Amino acid sequence: MANLWGGRFTRQTDELVNDFNASISFDKRLYREDITGSMAHAAMLGETKVLTKGESEEIINALNTMLRDIDEGRLAITDDYEDIHSFVEAKLIERIGDTGKKLHTGRSRNDQVALDMKLYTRRTIADTDALLYELLRVLEKIIVSGTETVMPGFTHLQKAQPLTLAHHISAYFEMFRRDRERLIDTFERMNYSPLGSGALAGTTYPLDREMVAKELKFKGATANSMDSVSDRDYLIEYLSDLSLIMMHLSRFSEEIIIWNSDEYRFIELDDTYSTGSSIMPQKKNPDIAELVRGKTGRVYGALVSLLTTMKALPLAYDKDMQEDKEVAFDSIDTVQNCIRLFTGMLDATRFNEEMMRFSASGGFTNATDAADYLVRKGVPFRDAHGIIGRLVLYCIDNKKTIDDCTLDELKSIDENFDEDIYGEISLKTCVDRRVTKGAPGEKAMKEYLSDIRNYMEKNTPISIQEIKLISGGN
């Protein structure tokens with residue numbers, strides 16, 4: 001195995017130690033970030049005259065060619081090297097000789113890997129945000145088409161009050177909107193370059209850290225060299241953001257699974273996002289939703305894993321920090337795949353409006369509105385609550401809904417009921433009377449639709465073109 005060190009050692013490292021220590025098997029996905037950061041570093045070394053202009057340009061040209069060769073399959077990243085940094089440097093030296101050995105001047109692998117992970121995290125934050133934006137577009141489409149689709153709202157998985165499909169889906173729109181805000185917040189806070197911090201104490205070379213930061217489109221250079229190489233807060237924050245995204249996807253998946261059941265039949269999943277049973281020919285299983293729900297624990301585990309790894313590390317860099325990559329890479333891949341598949345599944349799902357309305361008509365979802373009716377007749381709310389409770393009990397005993405009761409039956413419970421009660425507790429009235437901000441009523445939903453249209457127009461994915469220009473993207 002090729003190492004970047006060895007002068008102080010007189011014996012070869014045990015092969016098992018080499019294998020245990022190496023990270024090339026997983027950090028090779030950072031090749032683009034490593035080469036991009038190295039080109040910025042080489043350009044700065046030329047500007048500050050640490051290297052000659054000719055040396056700087058030779059290194060940059062060779063790195064550019066190397067990047068193109070990897071992208072186009074002419075140069076394979078093998079496991080013969082300890083990490084992606086040693087691979088890139090060794091191949092550079094193979095191509096341009098001793099000039100390639102000068103690239104590492106004023107740089108440590110500690111600040112190098114910190115830069116690589118920040119570039120990679122920054123790019124994938126932008127990619128995750130773009131996927132969430134597409135999910136919000138699908139949600140917006142369902143909201144727009146579902147403003148007249150009455151369905152039951154639930155608490156404790158029991159029917160509570162009638163609302164609309166648009167209002168129900170809007171709750172998830174808000175969750176994923178907050179997820180985007182968290183990603184943007186993490187993006188802004190982490191967007192400072194650690195390169196030039198050295199191993200932990202900076203360097204004696206006259207490096208221009210701000211030049212490198214500007215070249216890589218960071219807001220600036222980090223303020224403390226020890227913190228720069230030992231900081232993984234941004235990654236923990238990102239894993240926390242991803243965990244919340246998965247929690248929201250998992251909650252939505254649970255409802256998809258319930259709605260898909262024969263007991264509910266609120267939705268019909270498209271064949272392209274369902275599977276069957278090997279023994280029961282009638283089955284159409286919501287596997288995508290179940291897998292999204294299941295993979296949530298995997299992402300939670302990554303967050304706890306990295307928090308535990310970092311919890312007692314002394315300053316500055318420790319090899320333990322190498323453990324950040326595998327859990328982060330797996331979580332990023334998992335979340336992005338889950339968003340992508342969930343979005344496709346939801347977009348192809350058919351909503352059974354008739355079944356939703358039928359379900360809303362049962363379960364006494366208009367009981368609160370019946371109580372409000374009595375309040376408008378002058379009955380104190382607490383008394384009205386008790387009256388409707390007795391009415392519901394009467395209906396259960398007689399296998400009726402409130403709507404099915406005759407006026408005489410209603411008056412036997414309370415004399416304040418009159419003929420107008422039936423219009424007051426119709427599903428449409430129950431929904432449209434709710435006019436407070438955030439409610440499902442027609443007026444409130446018109447305002448909400450205007451809000452989300454404005455949001456989608458003004459909050460396109462965060463600097464996605466700019467970030468992909470820096471890091472290459474996928």
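Colleague: Are Phe173 and Tyr455 buried or exposed?

Modeller: This is a predicted model. Buried means under 20% relative accessible area, exposed over 50%. By that cut-off, Phe173 and Tyr455 are both buried.

Colleague: What kind of pair do the rings of Tyr373 and Phe417 form?

Modeller: Planes under 30 degrees apart count as stacked. The ring centres of Tyr373 and Phe417 are 6.0 Å apart and the planes stand at 5°, so the pair is stacked.

Colleague: Which parts does the pair of Tyr373 and Phe417 tie together, and how many residues apart in sequence are they?

Modeller: Tyr373 belongs to helix α14 (residues 367–376). Phe417 is in the loop between α16 (407–413) and α17 (421–424). The pair therefore ties together parts whose separation in sequence is 44 residues.

Colleague: What is the relative accessible area of Phe417?

Modeller: The cut-off for buried is under 20%. Phe417 is buried, and its relative accessible area is 1%.

Colleague: Which helix gives the most to the lining of the largest pocket?

Modeller: The largest pocket has a volume of about 440 Å³, and 21 residues line it. Helices α7 (165–190), α10 (233–260) and α19 (442–458) each supply at least two of the lining residues. With seven residues, the helix that gives the most is α7.

Colleague: How many charged residues does the lining of the largest pocket have?

Modeller: Sorted by class, the lining has ten nonpolar and four polar residues. The number of charged residues is seven.

Conventions
Residues are numbered from 1 along each chain as its sequence is written. This is a predicted model: local features need pLDDT of at least 70, side-chain atom pairs count only at pLDDT 80 or more; totals for chains, interfaces and linings use all residues. Side-chain values use heavy atoms; hydrogens and water are left out. On a 1 Å grid over the protein atoms alone, a cavity is a set of points where a 1.4 Å probe fits but cannot get out, and a pocket is an open set with protein on both sides within 12 Å along at least five of seven lines; lining residues have an atom within 4 Å of a point. Grid points are joined across faces, edges and corners, and a volume is the space filled by probe spheres set on the points. Helices (H or I, at least four residues) and strands (E, at least two) are DSSP runs, numbered from the N terminus. Ala, Val, Leu, Ile, Met, Phe, Trp, Tyr, Cys and Pro count as nonpolar, Asp, Glu, Lys and Arg as charged, and the others, Gly among them, as polar. Buried means under 20% relative accessible area, exposed over 50%, partly exposed in between (1.4 Å probe, protein chains only). Rings of Phe, Tyr and Trp (its six-membered ring) pair if their centres lie within 6.5 Å; planes under 30 degrees apart count as stacked, over 60 as edge-to-face and the rest as tilted.
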